Amino acid sequence: MLTLASLCGTIALLAGLLLVPVVRASARRVGLVDRPDPTRKLHSGAIALGGGLAVFAASLIAIIFTLSTLVPAILGTDVHVSSGWATLLLCALLIVILGLVDDWLTLRGRQKLIGQVMIVALLVCGGLVGEGTVIRHADLFGLSIELGMLALPLTMLWMLGAINALNLVDGADGVASTIGSIICVGLAVIAFSRGEVIEGVVSIALAGGLLAFLAFNRPPASIFLGDSGSMMIGLVVGTLATWTSTKESTAIAVIIPIAVLSVPLFDSSIAILRRVLTGRSIYAADRAHMHHVLKAYLDSKGYAQGWMLVIVAILTLIPVCGATASVIFGEPAYAFLATGLVLGGMVLTKSFGHAELSLLARRSIGFGTSLLTRSHHAEGVVRHTSIRLQGSRNWDVAWATLVEYAEQHDLWQIKLDLNVAWLHEGFHGEWQRSRLPERATQWKIRFPVEVGDRQVGCMEVVGRGGGIATYQLMETLLELIVDLQPHFESIVNDDPRDAVPPPVRRRRLEHQTATRELSPTAVQS
């Protein structure tokens, strides 16, 4: 098995080293490139896309040659390729095409998701008549659970999660190819240890193709995987992990795919959580992924970007080794401990995920408290949350100024969400009274916060209608935003001048206070 794996991986590696330069030159010739922008894509110059096509082709060449020639020569037997493999090959090809279309035309998030759902549905429904593609049962702590009608949707959800997890981590040079190659090597070891030749060959071939691509994708990259590559990796490893788990009958069946993909799944889950809790679109890109956080920290310490790949590799390798040990020794504790060590370590050391989980905890506590608070007591409750999601710059002073304004002018809610992607800075603040006014009587303003020609965030303010005084209130609000503009610029530009925001002003409204009532008397949080 070791000889077979070595030869298969070598063939994929050599094929990849030959194909990647060809794909790179072709992509540049036809204009399939990723161009930098002033906010998120900060690479210098246009970088070729479509690397996933080279990885797919190199892996396929190695798989076909190995199964048709090497396996009979080395093992002395032919292999039977089931219809499930043909379905996986077709779906992998389709998702490569979908990724190329997205790289070329830049599809909207929902359009790409629809394409993913259709491809995953084809794969999963093909498994209804084949073997292993559908997760039909789960064993948790010795309790076997038959999924029944939930088997199909849960399997599709898992596959979509795997696809998008690898897609989301592909945000820095070499990250997705590093993570993908380690996961594939782990799956190959698991497959070969159990005598599963085809699974092992496919895994090691994909690993070889990714290692070849990494030679051109390491910092500074000359070609990117693009969505064609990252989604294809997610589909294949998600499927192989699913097939591996369905052949187990213990708790190992559940922990294997989770442990193997734990790092990219955790990264994508935290990204979605961050966007949902801050009111952003789940398709909104940012630079707060695990690799971005690591890169920003290493840059601040003067380390080269290559060290970021080393750390990412170690973080991925630990749970993959834990999953492999669990399968070989039949003990799920290894995978649990390895996965918990990596994910728990990142959160507890506040390296990644701590801010998002803290924000979730605060929201949950606030929601639980509101359910237990009696109606007449809720009138005097104000919920106030502010948290630095990323970076180290001081946004608290500007936020305190806005909160002071909200309290003095009897507003009902104010939110400030800042995402300065190119500086790896993020902040979220939310202040609101326990009970908002009825929708028919409330007004809401939402507008972007900009510095120069780049958007750094958005602000949302809610109040209750009160005749002409409402328009006067809006006028003073806009004046405050204008006055705060130099302060935001000083923070973004890291300029100590204009570091103190202006005091909250009420002069435009003082003569109105005797004739209007916007809300109950302001309360303290």
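This is a chat about the fold of one protein chain, as seen in a predicted model.

User: How many helices and strands are there in the protein chain?
Analyst: The protein chain holds 17 helices and 9 strands, and since the model is a predicted one, what I say here describes that prediction.

User: And what share of the residues counts as buried?
Analyst: Of the 525 residues in the protein chain, 52% count as buried. As for contacts with a separation of 6 or more, 72% of those in the protein chain come from residues 24 or more positions apart.

User: Let's go to the open sheet; what is the order of its strands?
Analyst: The open sheet has 5 strands in the order S5-S7-S6-S9-S8, and their pairing is antiparallel.

User: Which strands stand at the edges?
Analyst: Those are S5, residues 382-390, and S8, residues 442-451; each has a single partner strand, so one side of each is left without a neighbour in the sheet. Ignoring direction, neighbouring strands of this sheet are turned by 10° against each other on average.

User: Which helix packs on the sheet, and what does it touch?
Analyst: Helix H14, residues 354-372, packs there, touching S5 and strand S7 (425-433), and the direction of H14 makes about 170° with that of S5.

User: How many bridges does S6 make with S7, and how many with S9?
Analyst: The antiparallel pairing of S6 with S7 runs over 8 bridges, while that of S6 with S9, again antiparallel, runs over 6 bridges.

User: What stands opposite Lys415?
Analyst: On the S7 side, Lys415 stands opposite Glu430, and in S9 the bridge partner of Lys415 is Glu460. Leu418, for its part, stands opposite Gly457 in S9.

User: Which residues take a positive phi in the hairpins?
Analyst: In the hairpin of S6 and S7, with 4 residues between the strands, His424 takes a positive phi near 55°. In the hairpin of S8 and S9, with 2 residues between the strands, Gly452 takes a positive phi near 65°.

User: Switching to helices, how do H1 and H7 cross?
Analyst: The axes of helix H1 (residues 2-30) and helix H7 (residues 197-217) come within 7 Å and cross at roughly 40°, and H1 and H7 are therefore oblique to each other. Their crossing is right-handed.

User: Which residues of H1 and H7 meet there?
Analyst: From H1 the residues include Leu4, Cys8, Ala12, Leu17, Val20 and Arg24, and from H7 they include Val197, Ile204, Gly208, Leu211, Phe213 and Phe216.

User: How many residues of that contact are nonpolar, polar or charged?
Analyst: By class, the contact of H1 with H7 has 17 nonpolar, 4 polar and 1 charged residues. Glycines meeting there include Gly9 and Gly16 in H1, and Gly208 and Gly209 in H7.

Definitions and conventions:
Residues are numbered from 1 along each chain as its sequence is written. This is a predicted model: local features need pLDDT of at least 70, side-chain atom pairs count only at pLDDT 80 or more; totals for chains, interfaces and linings use all residues. Side-chain values use heavy atoms; hydrogens and water are left out. Two strands pair if DSSP finds at least two bridges between them. Axes are lines fitted to C-alpha atoms, for helices over the stretch in contact, and angles run from 0 to 180 degrees between N-to-C directions. Contact means heavy atoms within 4.5 Å. Angles under 35 degrees count as roughly parallel, over 145 as roughly antiparallel, 65 to 115 as roughly perpendicular and the rest as oblique. A crossing is left-handed if the near helix is turned anticlockwise from the far one by less than a right angle, and right-handed if clockwise. Ala, Val, Leu, Ile, Met, Phe, Trp, Tyr, Cys and Pro count as nonpolar, Asp, Glu, Lys and Arg as charged, and the others, Gly among them, as polar. Buried means under 20% relative accessible area, exposed over 50%, partly exposed in between (1.4 Å probe, protein chains only).
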